[in-house]
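Morning, everyone. Let me put the structure up, and then we'll go through its aromatic rings.

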Amino acid sequence: MNTLMPKEKVSKSSKEKKNPNAPKRGLSAYMFFSQDNRAKVKEDNPEASFGTIGKLLGEKWKGLSDQEKKPYLEKAEADKKRYEKEKAAQNE
């Protein structure tokens, strides 16, 4: 005999709605790198699918030295500060 009770269904309306005016989260250093290099990777591999392009970008990112990653890390840090500032302003 099965004594397990069925899970209660949570209605979608009970979930709090996301604020459309909320600030967008800061991008990671990898995302800034990806934005800068996606067109070049796509140009070099025109037959590549979206997933393959992502893998190629990931491999390129892993191959970068700390010095080569530095500008992207700085952009990510600045974007994080922007997000925190906007979030604090929204909560006031």
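**Aromatic pairs**

This is a predicted model. Counting ring pairs by centres within 6.5 Å, we get five aromatic pairs.

Take Y30 and W61. Their ring centres sit 5.9 Å apart. The planes make an angle of 75°, so this pair is edge-to-face; the cut-off for that label is over 60 degrees. Where are the two residues? Y30 belongs to helix 1, residues 29–44. W61 belongs to helix 2, residues 50–63. That is a link between distant parts of the chain, 31 residues apart.

Now, buried or partly exposed? Y30 has a relative accessible area of 24%, so it counts as partly exposed. W61 has 14%, so W61 is buried. The limit for buried is under 20%.

Next, F33 and Y72. Here the centres are 5.5 Å apart and the planes stand at 90°, so this pair is edge-to-face too. F33 is in helix 1, while Y72 is in helix 3, residues 66–91. So the pair ties together parts 39 residues apart in sequence. F33 and Y72 are both buried.

Y30, F33, W61 and Y72 form a cluster linked by ring pairs.

What does D79 contact, leaving aside neighbours within four places in sequence? The list is R25, G26, L27 and F32.

That's my set. Over to you.

Notes. Residues are numbered from 1 along each chain as its sequence is written. This is a predicted model: local features need pLDDT of at least 70, side-chain atom pairs count only at pLDDT 80 or more; totals for chains, interfaces and linings use all residues. Side-chain values use heavy atoms; hydrogens and water are left out. Rings of Phe, Tyr and Trp (its six-membered ring) pair if their centres lie within 6.5 Å; planes under 30 degrees apart count as stacked, over 60 as edge-to-face and the rest as tilted. Helices (H or I, at least four residues) and strands (E, at least two) are DSSP runs, numbered from the N terminus. Buried means under 20% relative accessible area, exposed over 50%, partly exposed in between (1.4 Å probe, protein chains only). Contact means heavy atoms within 4.5 Å.
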